[in-house]
Amino acid sequence: MSDLLVNSQHGHLTASQRVPAIARPFVSERAARTLDLVEKFVEEECIPADAVYLRQIGETIQQRFNSHPQVIEDLKAKAKKLGLWNMFLPKNHFKEGAGFSNLEYGLMAEYLGKSRVASEATNCAAPDTGNMEVIAKYGSEQQKRRWLDPLLDGKIRSAFLMTEPQVASSDATNIEMSIKRDGDSYILNGQKWWSSGAGDPRCEIYIVLGKTDPNNPVKYKQQSVILVPHNTPGITIHRMLSVFGYDDAPHGHGHITFNNVRVPATNMVLGEGRGFEIIQGRLGPGRIHHAMRSIGAAEKALEWFLARINDERKKPFGEMLNKHGIMLERVARSRIEIDAARLAVLNAAIKIDESDAKGALKEIAEVKVLVPEVNLTVIDRAIQAYGGAGVSQDTPLASMYSNGRTMRIVDGPDEVHLLQLGRNENKRGPAHKKRLEAQRAKGLDLCRQYGIEPKDPLYLGKSVGGTSKL
Ligand SMILES: Cc1cc2nc3c(=O)[nH]c(=O)nc-3n(C[C@H](O)[C@H](O)[C@H](O)COP(=O)(O)OP(=O)(O)OC[C@H]3O[C@@H](n4cnc5c(N)ncnc54)[C@H](O)[C@@H]3O)c2cc1C
């Protein structure tokens, strides 16, 4: 065991030994070994390489969006050799992956979330992961050989183009991109933005959602998903969007227009009118991946927080920060919140493994909302402990905050999930009302049997023939 992985709380406990007890029965021996290897790879190889990556991207926009840091290719070669490759494709649904469950990969994704380069180094980076799942699950053999194979091999990258600037895209039925059949081709017209990954010089394929049948009375049958090679004539990347000023180069977030973009009809995925079904299928496990990486980011923020409050050089009002109770309380709250959020994510992963993403809608929505909140709260506490340095480029915290904040918007904003959760929870309301009424009525009867006059003001004067109304 390397010294880098030893710390005072865990001693020599490895990642697999720290798996929460509730999840342990679901982790195979092979996955436990791989998890330890992932931790070692991330801590000893990837986190130190983050600094190199940021330098190798370059300074100017021109350099940044044309760069492909060598350090990534070196890490990819090491990861492949170690067998740390494509762990994200769950074994019960895909034969192409490394043979782990959602839960097992979820545990690994936590460590990947601590480094800027680790996900890409192991070919587990978004949006490629969701895109590979789409092609593996819904693509034709021809589409798989042309696009899935090089993606699985880490030779090319991809982007998922759904969101449009002119409509509220959190409701996918609003999407307007036109996809029209013309002989052996489809012709696309419209615009997309927030096309993550489109800036990467290795991004060769766009997975595009648009409408083939905008007048279909069933609004979930209007959409289709089609594969569009990035260099098809008529495609223009107008600009790259920034997040709180960060350009996220080289992969970036593109604003792209399509002007009579013609692609072969064989590029249609699954068939016309199946787009909604495909994007629903894409999002389930991907949300768990984001959530587990965010747990890793929160752990990393807590580590930076602890490092700062133990910095002997910096003693506001004569004491190190670790002597100030308010800081220790924030540390304690962070520990509690991260541990609780992790359990929620692992629970959702187990539920997906036991059925599928549809069977775990509630659990997925819960963590989609909870985990970004926890992550942002912990990063915010760490930033505060660093004072001015916390919001500067001298720690990774500011950029982590920016990235963490987007998680409340991407893959559906919080409100959509809260609404869905609230509606479903509310369905239980009438039954609960009935049950509570019955329990109160029974309580009233019991009081009478024992010769006691009920004192609950809600019962008083409302008893009719041994029953009460709430
Ligand atoms: C960093 C980043 C990366 C992204 N990557 C991609 C990508 O790769 N591909 C892609 O297609 N898209 C991507 N997106 C876009 C993202 O998925 C959308 O921004 C998101 O779905 C919201 O859509 P919208 O921006 O059109 O907001 P709108 O749909 O206009 O929603 C705006 C706001 O309205 C509120 N709202 C929405 N619905 C409800 C409701 N039911 N009840 C109450 N309030 C509601 C919410 O506060 C919401 O934030 C990315 C976004 C970011 C920030």
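What follows is a short tour, one selection at a time.

Before you click, note that this is a predicted model, where local features need pLDDT of at least 70, side-chain atom pairs count only at pLDDT 80 or more, and totals for chains, interfaces and linings use all residues. Numbering runs from 1 along each chain as its sequence is written, and side-chain values use heavy atoms, with hydrogens and water left out.

**Stop 1**

Glu 120 and Arg 157 form a salt bridge at 3.4 Å, N to O (a side-chain nitrogen of Lys or Arg within 4 Å of a carboxyl oxygen of Asp or Glu). This pair ties together distant parts of the chain, 37 residues apart: Arg 157 belongs to strand 1 (residues 157–161) and Glu 120 to helix 5 (residues 118–121). Helices (H or I, at least four residues) and strands (E, at least two) are DSSP runs, numbered from the N terminus.

Now look at the other partner: Glu 120 also meets Arg 202 in a salt bridge, at 2.8 Å, N to O. Here the two ends are 82 residues apart, with Arg 202 in the loop between strand 3 (185–196) and strand 4 (203–211).

Buried or exposed: which are Glu 120 and Arg 202? Both are buried (under 20% relative accessible area; exposed is over 50%, partly exposed in between, with a 1.4 Å probe and protein chains only). Glu 120 counts as buried because its relative accessibility is 12%, and Arg 157 does so because its value is 8%.

The structure holds 37 salt bridges.

**Stop 2: another pair**

Pick Asp 153 and Lys 155, whose side chains meet at 3.2 Å, N to O, in a salt bridge. Asp 153 is partly exposed, at 30%, while Lys 155 is exposed, at 53%.

**Stop 3: helix 10**

Select residues 361–386. Helix 10 has 26 residues and spans 38 Å from first C-alpha to last, close to the 38 Å expected at 1.5 Å a residue; that expectation is 1.5 Å times one less than the number of residues. Just past helix 10, check the backbone of Gly 387: its phi is positive, about 60 degrees.
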